[in-house]
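Here is a short briefing to read alongside the model. Take a moment to look it over, then follow the topics below.

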Amino acid sequence: MSEVEWIAASLVLINVALVALRSVWNYPFALVAVSLYAVVFYEAKLYSDMLLQGFFLVLNLYGWAAWLRAREGSGVPVGWMTARARLVWGGATLAAWIVWSAAMHRHTDAAAPWIDGAIAMASITAQWLLARRRVESWWLWIFVDLIAVPLFASRGLYATSVVYVVLLGLSIDGLIQWRRAAAVGTAPA
């Protein structure tokens with residue numbers, strides 16, 4: 001475990017806590033965290049997660065701008081996807097996972113291309129839906145957290161594994177808070 005990993009882990013926790021509260025100030029913490037985690041995952045040969053950090057950087061910039069435009073006095077408004085949108089996003093995520101993971105398995109020395117690929121593709125979808133302020137993003141983050149904990153622990157990334165246990169709790173809380181906000185159209189308590 002490196003100091004860089006500990007710093008990145010701390011920043012991620014601050015970021016997700018602020019996201020659950022629907023605070024636009026989550027984004028500066030996210031930008032620094034993903035930059036640091038790119039280095040951590042490269043050193044662990046988790047290439048899908050390393051490349052994912054670049055995607056997160058770009059999507060966090062987009063999300064920051066989108067949340068600033070949508071901000072209300074009580075936080076950013078959130079809502080649900082349509083049933084059709086859920087099917088489309090779910091199918092696209094599944095297809096992307098298969099294609100991506102197969103390529104990582106065949107063309108790299110990635111440590112866990114299928115699990116790492118699942119984390120990466122589900123995270124891309126979750127982050128995109130989060131930027132679009134969709135409640136369903138939290139279900140995907142819960143899935144990611146559940147599979148990331150054992151993967152990162154198996155690679156010796158113990159601080160990151162612990163962070164993902166905490167993120168699991170924060171994701172459950174985020175889901176509860178956002179469901180309430182979407183149901184009543186107000187900020188969570």
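Leu61 is found in helix α3; helices here are DSSP runs of H or I with at least four residues, numbered from the N terminus. This is a predicted model, in which local features need pLDDT of at least 70 and side-chain atom pairs count only at pLDDT 80 or more, while totals for chains, interfaces and linings use all residues. Residues are numbered from 1 along each chain as its sequence is written, and side-chain values use heavy atoms, with hydrogens and water left out.

- Leu61 is partly exposed, at a relative accessible area of 46%; buried means under 20%, exposed over 50%, and partly exposed in between, with a 1.4 Å probe and protein chains only.
- Together with Leu57 and Val58, Leu61 makes a nonpolar surface patch of about 260 Å². Such a patch joins nonpolar side chains (Val, Leu, Ile, Met, Phe, Trp, Tyr) within 5 Å, from residues with over 30% relative accessible area and no salt bridge. The areas come from the Shrake-Rupley method with a 1.4 Å probe.
- Helix α3 has 24 residues and spans 34 Å from its first C-alpha to its last, close to the expected 34 Å; that expectation is 1.5 Å times one less than the number of residues.
- The buried residues of α3 include Leu52, Phe56, Leu59 and Trp67.
- Packed against the buried residues of α3 are α1, α2, α4 (83-107), α5, α6 and α7.

**The nonpolar core**

- In soluble globular proteins, nonpolar side chains tend to be buried together.
- Here, the largest nonpolar core has 44 residues, and Trp138, Phe152 and Trp178 have the most contacts inside it. A core of this kind is a set of buried Ala, Val, Leu, Ile, Met, Phe, Trp, Tyr and Cys residues joined through side-chain atoms within 4.5 Å.
- At least two residues of this core come from each of α1 (3-20), α2 (26-43), α3 (47-70), α5 (113-131), α6 (137-154) and α7 (158-184).
- Setting aside neighbours within four places in sequence, Phe152 is in contact with Phe41, Leu46, Asp49, Leu157, Thr160, Ser161 and Tyr164, where contact means heavy atoms within 4.5 Å.

**Salt bridges**

- How many salt bridges does the structure hold? There are two, each defined as a side-chain nitrogen of Lys or Arg within 4 Å of a carboxyl oxygen of Asp or Glu.
- Asp109 pairs with Lys45, and their closest N and O atoms are 3.1 Å apart. Asp109 sits in the loop between α4 and α5 and Lys45 in the loop between α2 and α3, so this pair links distant parts of the chain, 64 residues apart.
- Asp109 is partly exposed at 44% relative accessibility, and Lys45 is partly exposed at 37%.
- Arg86 and Glu136 form a salt bridge at 2.8 Å, N to O. Because Arg86 lies in helix α4 and Glu136 in the loop between α5 and α6, the pair ties together parts 50 residues apart in sequence.
- Arg86 is partly exposed at 39% relative accessibility, whereas Glu136 is buried at 9%.

**Loop residues with positive phi**

- Arg22, in the loop between α1 and α2, has a positive phi of about 60° although it is not a glycine. Arg22 is buried, at 4% relative accessibility.
- Lys45 has a positive phi of about 60° too, and is not a glycine.

Methods. Patch = residues over 30% accessible without salt bridge, like charges linked within 9 Å, V, L, I, M, F, W, Y side chains within 5 Å.
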